[in-house]
Amino acid sequence: MASSMSATAYGLCVPCNERNALDGIRWLATADEVDLGYWVLFARGLSPADLLTRLGLESESGRMLTRLEAGDLADETDDVVVRAGASAGWAYAFVEGGPAGPAPSDGVRRLSMGTEAVDFWRTVNADSSLGYAEDGRIVCRFEPGREHERTGADPDRLAGAMREAGLLLPDGSAAHQHGDGVDRPDLRALALAEAVFGLDLPRAEVLEGQLLAARLTD
């Protein structure tokens, strides 16, 4: 039987003052604007320009684009446009449509050199993945809904938080292993990352504001 944990319970003990001041990242799970998929990456302590550089991109002399402008540029050039900003001590990159580039799984690893990085992606088919890396190595990655297939150098690093979020059962096993499912695994995974790492993705800034932009060419 799928867990009946309510949406308000996904907060995972984030302090009230922080929840009020920041948007967090859980809104990605319910925002119609991103229902065709997205990829968001975070790197602690970097600037937006440094984040783009680590992804192998050039920020085109500080070009600032809104989401609509980035979409128009992507249509014109057939390139993926990456937009970057910063909040709560982390730089972030937002990519429309899901993971992109020749080696998307390597992106979070490169961002983590000398620091730590997190990424989360969701495709139009609702496939999703959460990854955590530190100092150039993937610590843990899993697909929400298939938590028993965790990979990485330390795949159990987030197991305690996964139990708190309802992604794992109290005994550490996954509901999928017992023929059951988890209610809203993507929302639970986003809530986990928000609580454990203090991630924030300013909603208005991402959906309506201008952010530093770069093209990911083939």
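**Tyr132.** I began with Tyr132, which is buried at a relative accessible area of 5%, where buried means under 20% relative accessible area, exposed over 50% and partly exposed in between, with a 1.4 Å probe and protein chains only. Tyr132 lies in strand β6, strands being DSSP runs of E with at least two residues and helices runs of H or I with at least four residues, numbered from the N terminus. I then looked up the separation of Tyr132 from Phe142, ten residues apart along the chain, and found their C-alpha atoms separated by 9.4 Å.

**Ground rules.** I note that this is a predicted model, in which local features need pLDDT of at least 70 and side-chain atom pairs count only at pLDDT 80 or more, while totals for chains, interfaces and linings use all residues. Residues are numbered from 1 along each chain as its sequence is written, and side-chain values use heavy atoms, with hydrogens and water left out.

**Aromatic pairs.** I looked up ring pairs next, taking rings of Phe, Tyr and Trp (its six-membered ring) as paired if their centres lie within 6.5 Å, with planes under 30 degrees apart called stacked, over 60 edge-to-face and the rest tilted. By this rule I have four aromatic pairs. In the pair of Tyr38 and Phe120 the ring centres are 6.2 Å apart and the planes stand at 25 degrees, so I log this pair as stacked. The pair links distant parts of the chain, since Tyr38 sits in strand β1 (residues 38-44) and Phe120 in strand β5 (residues 116-122), 82 residues apart. Tyr38 is buried with a relative accessible area of 1%, and Phe120 is buried with a value of 3%. I also note that ring pairs link Tyr38, Phe94 and Phe120 into a cluster.

**Salt bridges.** A search of the whole structure gave me 14 salt bridges, each being a side-chain nitrogen of Lys or Arg within 4 Å of a carboxyl oxygen of Asp or Glu.

I looked up Glu116 and Arg44, whose side chains meet in a salt bridge at 2.5 Å, N to O. This pair also links distant parts of the chain, with Glu116 in strand β5 and Arg44 in strand β1, 72 residues apart. Glu116 is buried at a relative accessible area of 16%, whereas Arg44 is partly exposed at 33%.

For Arg215 I found a salt bridge with Asp79, the closest N and O atoms being 3.1 Å apart. Arg215 lies in strand β9 (residues 211-216) and Asp79 in the loop between α3 and β3, so the pair ties together parts that are 136 residues apart in sequence. Here Arg215 counts as partly exposed at 31% relative accessibility, while Asp79 is buried at 13%.

Arg146 and Glu149 meet through their side chains in a salt bridge of 2.6 Å, N to O; I have Arg146 as partly exposed at 29% and Glu149 as partly exposed at 39%. Elsewhere, salt bridges that share partners join Glu134, Arg137, Asp154 and Arg157 into one network.

**Negative patch.** I looked up surface charge and found a negative patch formed by Glu69, Asp72, Asp75, Glu76 and Asp78. Patches are made of residues with over 30% relative accessible area and no salt bridge, like charges being joined within 9 Å, with Asp and Glu counted as negative and the charge placed at CG of Asp or CD of Glu. Of these residues I checked Asp78, which is found in the loop between α3 (67-77) and β3 (80-87) and counts as exposed at 66% relative accessibility.

**Positive phi.** I looked for residues other than glycine with positive phi. Ala88 has a phi of about 55 degrees; Ala88 is placed in the loop between β3 and β4 (90-96) and is partly exposed at 40% relative accessibility. Asp135 has a phi near 45 degrees; Asp135 lies in the loop between β6 (128-134) and β7 (137-143) and is exposed, with a relative accessible area of 54%.

**Arg188.** My last entry is Arg188, found in helix α6 (residues 185-197) and buried with a relative accessible area of 0%.

Conventions. Patches are made of residues with over 30% relative accessible area and no salt bridge: like charges are joined within 9 Å, nonpolar side chains (Val, Leu, Ile, Met, Phe, Trp, Tyr) within 5 Å. Accessible areas come from the Shrake-Rupley method with a 1.4 Å probe; for residues, only the protein chains shown count as cover.
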